[in-house]
Amino acid sequence: MNRKPPARRSPPPPSNKHTHPGRWEGKAKPDWIARALARAGVLPQEEAEAAIKAGRVSMNGKVVKQPLAPIPPGAAVRVDGLPVSLEAPTRVLAFHKPAELLTSTVSQHRVGTVYEVLLPQLPPELAGFTWHAVGRLDRGTTGLLLFTNDDKLVTHATSPETHLTKRYVATVFSDADEEKVEPLRRGVQLEDGPARPAKVRLRDAHTVEVIVTEGRNHQVKRMLGAVGLPVRALHREAVGGVELDVPEGSFRLLTDTKVSEGLRYTPGKA
């Protein structure tokens, strides 16, 4: 029995997803309103979200109820009827981290974070920003930890390509000598690949100064362990040209000059 071949179907019309670009294609993507308010230091992000949902925020004369609503260029934003600027200069804090604090946000760990110590002491002109830690320090490691409201600065300072130096002082269990630390100056092999050559100076038989240009996980401890010098305590004294000069648990605001010269980053709009 002969059967007719099935009728050929016309091909579907070409998709228009490439012929009609998306709303923001080829343009700078706008920020969303809650994050923009936090970036500008108007309100911390959680408070900004609450204010938006409560109808306290307007954009171009219309009340905004969605924290993720995009902000068009040049939009006029008001909070409680008062105009606010969404442009914020780069700000950087130098914080002296105590031991036994986590370098993570409260949303990641509810207690025991650096933010629990830093945020309550910020003055009103700094309290509204969303602060990002510039890199991390292990829970037991003390010393200089930078914070900024500018996430581009975080990328700059933590990128291995920037070659920004970090100076640590390690107290080690074993006796240190030049022969033991010499491999660190050449670049010791670690589990995740060779470390860059480090600058190393012996301060005494149990105190070793190490300057690195990377920020890998537990890097200095692993480097010293690889040459038979397990670390008992680790302290960071400097990042780039920024030296630790505040008491433990306290902070200072860096000047634009210090940010520019010490971190090799030009402050701009966060």
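Residues are numbered from 1 along each chain as its sequence is written, and side-chain values use heavy atoms, with hydrogens and water left out. Because the model is predicted, local features need pLDDT of at least 70 and side-chain atom pairs count only at pLDDT 80 or more, while totals for chains, interfaces and linings use all residues.

Helices (H or I, at least four residues) and strands (E, at least two) are DSSP runs, numbered from the N terminus. Strand E5 (residues 92–97) runs antiparallel to E7 over 6 bridges, and here Val-92 sits opposite Thr-148. Strand E6 (residues 132–133) is also antiparallel to E7, over 2 bridges, with Ala-133 facing Phe-147. With strand E13 (residues 231–239), by contrast, E7 pairs in the parallel sense over 2 bridges, and Thr-142 of E7 has His-235 as its bridge partner in E13.

Helix H5 (151–158) comes next. Its buried residues include Leu-153, Val-154, His-156 and Ala-157. These residues cover an arc of only 165° around the axis, which puts them on the same side of H5; the arc is that of the directions from the helix axis to the C-beta atoms. At the start of H5, a side-chain oxygen of Asp-150 comes to within 3.0 Å of the backbone nitrogen of Lys-152. This is a polar contact, that is, a pair of N or O atoms within 3.5 Å; within protein, one must be able to donate a hydrogen and the other to accept it, and residues adjacent in sequence count only if both atoms are side-chain atoms.

Helix H8 can be described in a similar way. Val-259, Gly-262 and Leu-263 are buried in H8, and they cover an arc of only 95° around the axis, which puts them on the same side of the helix. The buried residues of H8 pack against E5, E7, H5, E13 and strand E14 (242–243). Just after H8, Arg-264 takes a positive phi of about 55°.

Arg-264 also turns up in the surroundings of Thr-162. Thr-162 belongs to the loop between helix H5 and strand E8 (166–172) and is buried, with a relative accessible area of 15%. Leaving aside neighbours within four places in sequence, Thr-162 is in contact (heavy atoms within 4.5 Å) with His-156 and Arg-264. A polar atom of the Thr-162 side chain lies 2.5 Å from the backbone oxygen of His-156.

Gln-45 and Thr-130 are 85 residues apart in sequence, yet their C-alpha atoms are 6.7 Å apart in space. Not counting residues up to four places away in sequence, Gln-45 touches Trp-32, Ala-34, Arg-35, Ala-38 and Thr-130.

Finally, the salt bridges come to a count of 19, each being a side-chain nitrogen of Lys or Arg within 4 Å of a carboxyl oxygen of Asp or Glu. One of them joins Asp-31 and Arg-39, with the closest N and O atoms 2.9 Å apart, and both residues are buried. Another joins Asp-192 and Arg-222 at 3.0 Å, N to O. That pair links distant parts of the chain, 30 residues apart: Asp-192 is in the loop between strand E9 (189–190) and strand E10 (193–194), and Arg-222 is in helix H7 (residues 219–226). Asp-192 is partly exposed, at 46% relative accessibility. Asp-245 and Arg-252 meet at 2.7 Å, N to O, and Arg-252 is partly exposed at 24%. Salt bridges that share partners also join Arg-167, Arg-201, Arg-203, Glu-209, Glu-237 and Glu-243 into one network.

Conventions: Buried means under 20% relative accessible area, exposed over 50%, partly exposed in between (1.4 Å probe, protein chains only). Two strands pair if DSSP finds at least two bridges between them.
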